[in-house]
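Let's take a walk through this structure together, one piece at a time. Have the 3D view open and follow along.

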Amino acid sequence: MKIGFIGAGKVGFSLGKFFSENNVRVTGYYSRNQGSTEEAASFTNSEAYYELKDIISDSDALFLTVPDSEINSVYEDIKAYNIVGKYLLHCSGAVSSTDVFGDIDKYGAFGLSIHPLFPFNDKYTAYRGLKDAFFCIEAREKDAATLWEKELGLLGLKTKNIWGKNKAEYHLACVYASNLVCSLFELSRRHLENCGFSHEEIFKALTPLAKSNLENILSVGPHKALSGPVERGDKETVKKHLSLLSGREKDVYALLSITATELAKQKQGDNGNIQDIKDFLEKEVLQ
Ligand SMILES: NC(=O)c1ccc[n+]([C@@H]2O[C@H](COP(=O)([O-])OP(=O)(O)OC[C@H]3O[C@@H](n4cnc5c(N)ncnc54)[C@H](OP(=O)(O)O)[C@@H]3O)[C@@H](O)[C@H]2O)c1
């Protein structure tokens with residue numbers, strides 16, 4: 001399978017590097033800017049393409065690693081060429097294969113989405129963590145899904161097949177566990193800054209707290225990992241926190257704390273204190 005990439009950004013760079021390091025033939029890159037195209041080609045020891053038709057004819061499979069908003073228009077451009085027997089893949093978590101490749105049968109090609117559950121924050125280094133990543137495959141055709149499951153399996157990658165109708169909810173789940181954690185850390189950072197912590201001290205101080213917490217969540221589940229005022233049924237501390245907050249952040253704290261009351265009950269039952277916190281948050285804070 002010769003694989004080409006349209007879109008030389010973080011995911012294109014990283015998948016290309018991972019594939020080439022694992023002896024998968026990467027034909028090369030075609031991207032909006034010549035600079036990115038050449039940089040990606042040099043990083044992966046592959047070709048820089050300046051014509052869409054050339055990368056299409058040289059590749060058996062094309063990964064459309066462009067922003068979600070560009071996937072449809074890139075597919076429209078690709079369809080103008082002969083794509084019989086080729087695999088077109090996009091990597092969006094939220095968009096299904098049918099959303100993009102709904103008419104692909106007419107062109108004799110196969111369309112799939114393959115979403116790596118991985119935060120690609122840097123185009124030069126992210127590939128190093130990919131061997132442990134989970135890849136979610138979603139395809140209109142069972143055979144196409146099976147083929148890519150096998151291809152990725154040969155590289156030692158873990159895969160899971162999901163239905164197109166579940167993609168938005170699947171992606172929502174990924175965002176909760178990843179992107180929105182960044183937002184929570186930003187809120188934490190701002191409050192520690194208010195308390196006189198320097199940038200360096202903030203992340204040193206948070207590292208053991210956050211690392212142990214994450215390890216606990218991943219090994220025993222969120223309910224058993226839960227500690228803190230809600231788990232202790234300590235309504236006075238919850239009230240103190242709320243007194244520091246206003247507007248949207250107050251709502252975020254209340255909403256997340258309500259979920260924490262549900263986890264606390266799951267962990268240890270309720271002596272009335274936890275339900276009291278939940279009622280207080282629902283009736284007096286969120287109204
Ligand atoms: N980042 C993540 O953590 C992550 C994780 C899983 C899945 N994904 C998915 O992977 C896909 C790519 O995301 P990304 O993070 O790699 O985005 P990105 O870093 O913004 O890269 C996208 C690249 O696409 C190129 N591009 C944009 N419009 C184009 C067009 N019309 N034709 C050709 N090239 C075009 C741009 O290249 P130029 O530099 O040439 O302008 C840009 O570098 C998205 O579908 C995203 O949902 C991302």
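Let's begin with a pair of helices. The axes of helix 1 (residues 10-21) and helix 2 (residues 34-44) come within 9 Å and cross at roughly 25°. Axes here are lines fitted to C-alpha atoms, for helices over the stretch in contact, and angles run from 0 to 180 degrees between N-to-C directions. Helices (H or I, at least four residues) and strands (E, at least two) are DSSP runs, numbered from the N terminus. Helix 1 and helix 2 are therefore roughly parallel to each other; angles under 35 degrees count as roughly parallel, over 145 as roughly antiparallel, 65 to 115 as roughly perpendicular and the rest as oblique.

Before going further, keep in mind that this is a predicted model: local features need pLDDT of at least 70, side-chain atom pairs count only at pLDDT 80 or more, and totals for chains, interfaces and linings use all residues. Residues are numbered from 1 along each chain as its sequence is written.

Back to our pair: the crossing of helix 1 and helix 2 is right-handed (left-handed if the near helix is turned anticlockwise from the far one by less than a right angle, right-handed if clockwise). On the helix 1 side you'll find Gly12, Phe13, Gly16, Lys17 and Ser20, and they meet Ala40, Phe43 and Thr44 in helix 2. Contact means that the C-beta atoms of two residues, placed from the backbone, lie within 7 Å. The residues of this contact divide into 3 nonpolar, 4 polar and 1 charged; Ala, Val, Leu, Ile, Met, Phe, Trp, Tyr, Cys and Pro count as nonpolar, Asp, Glu, Lys and Arg as charged, and the others, Gly among them, as polar.

Asn22 and Leu155 are 133 residues apart in sequence, yet 6.9 Å apart in space, C-alpha to C-alpha.

Now for the ligand. It has 26 residues around it, and the closest are Gly7, Gly9, Val11, Ser31 and Ser36 (near means a C-beta atom, placed from the backbone, within 6 Å). Helix 1 turns up again here: together with helix 4 (68-78) and strand 6 (110-117), each supplies at least two residues of the shell. That shell divides into 11 nonpolar, 11 polar and 4 charged residues.

Next, look at helix 14 (residues 273-286) and its neighbours. The axes of helix 13 (residues 247-268) and helix 14 come within 9 Å and cross at roughly 155°, and the two are therefore roughly antiparallel to each other. Their crossing is left-handed. The residues of this contact divide into 8 nonpolar, 2 polar and 5 charged.

Helix 12 (residues 235-243) approaches helix 14 too, with axes that come within 10 Å and cross at roughly 25°. That makes helix 12 roughly parallel to helix 14, and their crossing is right-handed. Lys235, Val238 and Leu242 of helix 12 make the contact with Asn273, Asp276, Ile277, Phe280 and Val285 of helix 14.

Finally, zoom out. The protein chain has 14 helices and 8 strands, and buried residues make up 31% of its 287 residues.

Key. Buried ≥ 20, exposed ≤ 12 C-beta atoms within 10 Å, placed from the backbone.
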